[in-house]
Amino acid sequence: SGVGTRQDYTEAARLYREACDLRGGGGCSNLGVLYANGYGVEQSDTKAAALYEKGCALQDPAGCSNLGLLYAQGQGVARDRARALELFQKACHMAHEAGCLNLQALSEKMGIDPKRPIQ
């Protein structure tokens with residue numbers, strides 16, 4: 001972000017990759033954001049999805065919510081709204097506000113109760 005130092009996305013990617021390799025879920029998810037936006041790395045929704053998946057598996061709620069967005073939109077993964085709902089629910093259960101908002105929005109769009117378990 002450039003707070004306290006100069007902004008350097010390439011260095012940020014290196015550090016996030018290191019954190020991810022050490023099983024830091026936030027590092028994986030943040031590296032996914034860089035891939036999703038092409039900041040310091042070549043833009044790739046597929047790589048972003050894989051990194052969000054790893055972050056989510058390591059209990060990072062932002063990774064779950066971001067991966068849910070990719071599933072909802074079919075970016076880097078096949079479109080799968082049921083999977084998106086599962087991911088938003090997981091993020092919301094970890095008290096991630098964006099995950100809860102995404103769950104609510106997609107549930108309303110699909111005409112289902114956001115509190116019911118996804119089958």
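User: What is the pairing of the bonded cysteines, if you number them in sequence order?

Analyst: Keeping in mind that this is a predicted model, the bonded cysteines of the chain, taken in sequence order, pair as 1-2, 3-4, 5-6.

User: And how many disulfides does the structure hold?

Analyst: The structure holds three disulfides. One of them links C20 with C28, whose sulfur atoms lie 2.1 Å apart, another joins C56 to C64, with an S to S distance of 2.1 Å, and C92 is joined to C100, again with 2.1 Å from S to S.

User: Is the C20 and C28 disulfide right-handed or left-handed, and why?

Analyst: The torsion about the S-S bond of C20 and C28 is about 95°, and therefore this disulfide is right-handed.

User: What about the torsion in the other two, C56 with C64 and C92 with C100?

Analyst: For C56 and C64 the torsion about the S-S bond is about 95°, which makes that disulfide right-handed, while for C92 and C100 the torsion is about 100°, so that disulfide is right-handed as well.

User: Changing topic, how many residues does helix α3 have, and what does it reach from end to end?

Analyst: Helix α3, which covers residues 45-57, has 13 residues, and the distance from its first C-alpha to its last is 18 Å, close to the 18 Å expected at 1.5 Å a residue.

User: Which residues in α3 are buried, and what do they pack against?

Analyst: The buried residues in α3 are A48, A49, L51, Y52, G55 and C56, and they pack against α1 (9-21), α2 (25-37), α4 and α5 (81-93). C56 is also the cysteine that a disulfide joins to C64.

User: What follows α3?

Analyst: After α3 comes Q59, which has a positive phi, near 70°.

User: Last one: where is S65 found, and is S65 buried or exposed?

Analyst: S65 is found in helix α4, which spans residues 61-73, and S65 counts as buried because its relative accessibility is 1%.

User: Which residues does S65 touch?

Analyst: Leaving aside residues up to four places away in sequence, S65 touches F88, A91, H96, A98, G99 and N102.

Key:
Residues numbered from 1 in each chain as written. Predicted model: local features only at pLDDT ≥ 70, side-chain atom pairs only at ≥ 80, totals over all residues. Heavy atoms only, no water. Helix = DSSP H or I, 4+ residues; strand = E, 2+ residues; numbered from the N terminus. Buried < 20%, exposed > 50% of the residue type's maximum accessible area, 1.4 Å probe, protein only. Contact = heavy atoms within 4.5 Å. Expected span 1.5 Å × (residues − 1). Disulfide = S-S within 2.5 Å.
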